[in-house]
Each structure stands twice: as structure tokens, then as C-alpha cells.
Amino acid sequence: MPEFDRHVLETLREPLEAGRITISRAALQADFPAACQLIAAMNPCPCGWRGDPGGRCRCTPEIAARYLRKLSGPLLDRIDIQIEIPALTSAELSARSSATGEASAAIAQRVAAARERQLQRQGKTNRELSGREVDDVCRPDAAGETLLREAGERFGWSARAYYRVLKVARTIADLAGAAMPSVAQVGEAIQYRRAFGSL
Ligand SMILES: [Zn+2]
């Protein structure tokens, strides 16, 4: 993702927030639907080896920092799930190839059921909920509420980040068929916003 020009990356903010994009050329301006699901990947530094125990990264801290700065705070704020995926050792890779995970068809069924639950409850997906609607339908249990408030203060979240974490927690609860997000589900949603804290 950071290989794109910073200006190009910043134009993603509007569709990620509003699901629309406005294109202006000379005297003309046009509004296009642009509700999308953004899935993006990046390396931790330009050479890709930052954090490797073998010390293979040749980037100076300044070069690595400049690379990460290509992604602005406001852009990251609009990306709901951010996870770091460490490289696997060859032993871990070969153990994985023989592992039996859950079949994709079973997961797809669970996703469809969670989506249906959202449409039944509120007539739209969790992603489309406004701030007030989030307060109504995403409210976690008491322990979850406390955890969320503490995490928001500790990590200095914006209001936008706070509401986005709540929506993710609500979605995790929907996948589990739960009436309201539990403290564990809120904790899971918080974890999905922590990748850039450790880089
Ligand atoms: Zn590097």
C-alpha cells in the first residue's frame, strides 16, 4: 500500500467514509457511488525484513518511519481491521500444510447468517450504521463498555475510531449469534486496531 503516492492514498478517505466519490475536473463535478471493501497489504519497511530476528533489514529507522508515514492517521482511522502477520519459519510452514482448518464453505455460511441477522435487526449492515444507530444496536455488556472506554483513552482514539471498533465488536457478536457484544468480543475488536502500535 505505501508504494502508492500519498495523494492517491488520501483520496481513499472519501469512499471509505461516505461510500461515494466526487471527481472534479475544470468546471465539471460528478458524484459516483464507491462503496467498496478495501483489502490492502504492506511490508513493515521498504526491504520487508524489519523486525526479522536474523537482522536482515537494511533500512535505517528514518527510512522505515518515512515508509510508514505514507499512511496518514486519518486514512488508518478509516480501516477497521489492521493486523500484523509475522513471517513463518519453514518448520511452521510445513506444519501448516498438513493442518486441517475449517472449510471455507462453513465459514461462508456463518458470514451469510451474520449478515442476515444484521438486516433483520436494523435493515442494513453494521458498516452502514450511523453514530446514533451504533449507540442503539452495538452497545456491549457493562464489562465490554468499560474495556472499550479504557482502550479509547489509552490509545487516543478519535470518535470515528471508537465507533468503528464498536461496529467490529457487533459484527464479531453477530458471527457468534450473540445478543450483544461481550467483553471478550470487544477485546477482539480492539486487538484488530493495534497493528500499527507495534510497528
Ligand atoms: Zn527494511
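**Fold and domains**

Mentor: Along the sequence, the protein runs α-α-β-β-α-α-α-α-α-α-α-α-α. Keep in mind that this is a predicted model.

Trainee: How many helices and strands are there in the protein?

Mentor: The protein has 11 helices and 2 strands.

Trainee: And what box do the C-alpha atoms fill?

Mentor: Roughly 60 × 50 × 35 Å, taken along the principal axes. Of the 199 residues, 28% count as buried.

Trainee: What share of the contacts is between residues 24 or more positions apart?

Mentor: Such pairs make up 61% of the contacts with a separation of 6 or more.

Trainee: Which domains does the assignment give?

Mentor: Domain 1 covers 6-79 and domain 2 covers 103-191. Their C-alpha centres are 24 Å apart. The contact takes 5 residues from domain 1 and 5 residues from domain 2.

Trainee: How much area do domain 1 and domain 2 bury between them?

Mentor: About 520 Å², with 24% of it on carbon and sulfur atoms. On the domain 1 side, Glu17, Asp77 and Arg78 lose the most area to domain 2. Together they account for 71% of what that side buries.

Trainee: How many salt bridges does the rule find across that interface?

Mentor: The rule finds 3 salt bridges between domain 1 and domain 2.

Trainee: Back to Asp77. What does the side chain of aspartate 77 meet in a salt bridge?

Mentor: Arginine 160. The N to O distance is 3.6 Å.

Trainee: Switching to packing. Which residues touch the most other members of the largest nonpolar core?

Mentor: Leu148, Trp157, Val165, Ala189 and Ile190, out of 15 residues in that core. Helix 8 (142-155), helix 9 (159-176) and helix 10 (183-191) each give two or more residues to this core. Helix 9 gives the most, with 6 residues.

Trainee: Take isoleucine 190. What is it in contact with, leaving aside neighbours within four places in sequence?

Mentor: Isoleucine 190 contacts Leu147, Leu148, Ala151, Phe155, Trp157 and Val165. Apart from this core lies another, of 7 residues, including Met1, Leu16, Leu76 and Ile79.

Trainee: Last topic, annotation. What does UniProt list for residues 1-92?

Mentor: An unreviewed UniProt entry lists them as "domain: Magnesium chelatase ChlI-like catalytic". In the model, residues 1-92 are 29% helix and 13% strand. The end C-alpha atoms of that stretch are 27 Å apart.

Note on methods
Residues are numbered from 1 along each chain as its sequence is written. This is a predicted model: local features need pLDDT of at least 70, side-chain atom pairs count only at pLDDT 80 or more; totals for chains, interfaces and linings use all residues. Side-chain values use heavy atoms; hydrogens and water are left out. A nonpolar core is a set of buried Ala, Val, Leu, Ile, Met, Phe, Trp, Tyr and Cys residues joined through side-chain atoms within 4.5 Å. Buried means under 20% relative accessible area, exposed over 50%, partly exposed in between (1.4 Å probe, protein chains only). Helices (H or I, at least four residues) and strands (E, at least two) are DSSP runs, numbered from the N terminus. Contact means heavy atoms within 4.5 Å. UniProt positions are given in the numbering used here, feature names are shortened, and annotations may be inferred rather than shown by experiment. Domain bounds come from an automatic or database domain assignment. Buried area is the accessible area (1.4 Å probe) that two parts lose on being put together, summed over both. A salt bridge is a side-chain nitrogen of Lys or Arg within 4 Å of a carboxyl oxygen of Asp or Glu.
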